[in-house]
Amino acid sequence: MMGFNGPWGGFPWMWIFPLIFLVILLIFLFRGTGGPMCGGSGMHRRGPGGESTARDILDQRYARGAISADDYQRMKKDLEA
């Protein structure tokens with residue numbers, strides 16, 4: 001007779017599947033460059049359809065050195081307005 005807990009006992013095995021589910025859920029939630037609630041720190045903001053936003057493009061141009069710091073600040077202020 002196997003009894004109520006199955007052939008291997010109940011305690012260790014009853015946590016395996018929920019634990020695996022939790023690990024998979026956490027991987028999907030926190031994969032990539034940041035978690036779902038990290039705001040703008042490290043996350044790429046994307047518009048509808050996955051294209052880069054104007055701020056992303058401006059940041060990339062400044063990082064490449066294509067525009068000066070003054071131009072960057074002026075354009076950033078224009079975008080925020």
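Reply: A salt bridge here is a side-chain nitrogen of Lys or Arg within 4 Å of a carboxyl oxygen of Asp or Glu. Side chains of opposite charge can pair when their charged atoms come close. The model is predicted, and by this rule it has three salt bridges.

Begin with R55 and E80, whose side chains meet in a salt bridge at 3.8 Å, N to O. This pair links distant parts of the chain, since R55 is in helix 3 and E80 is in helix 4, 25 residues apart. With a relative accessible area of 55%, E80 is exposed, because the cut-off for exposed is over 50%. R55 has a relative accessible area of 28% and is partly exposed.

R55 also forms a salt bridge with D59, where the closest N and O atoms are 3.1 Å apart. Both of these residues lie in helix 3, four residues apart, which is about one turn of the helix. D59 has 23% relative accessibility and counts as partly exposed; the buried class is under 20%. Together, R55, D59 and E80 are linked in a network of salt bridges.

On the helix 3 side, the residues in contact are A54, R55, L58, D59, R61 and Y62. They meet A69, Y72, M75, K76, L79 and E80 in helix 4.

The remaining salt bridge joins R74 and D71, with the closest N and O atoms 3.5 Å apart. Both residues lie in helix 4, three residues apart, again about one turn of the helix. R74 is partly exposed at 46% relative accessibility, and D71 is partly exposed at 29%.

As for the setting, the chain has four helices and zero strands. Of its 81 residues, 7% count as buried. Among contacts between residues at least 6 apart in sequence, 9% join residues at least 24 apart. The R55 and E80 pair, 25 residues apart, links distant parts of the chain.

Key. Residues are numbered from 1 along each chain as its sequence is written. This is a predicted model: local features need pLDDT of at least 70, side-chain atom pairs count only at pLDDT 80 or more; totals for chains, interfaces and linings use all residues. Side-chain values use heavy atoms; hydrogens and water are left out. Contact means heavy atoms within 4.5 Å. Helices (H or I, at least four residues) and strands (E, at least two) are DSSP runs, numbered from the N terminus. Buried means under 20% relative accessible area, exposed over 50%, partly exposed in between (1.4 Å probe, protein chains only).
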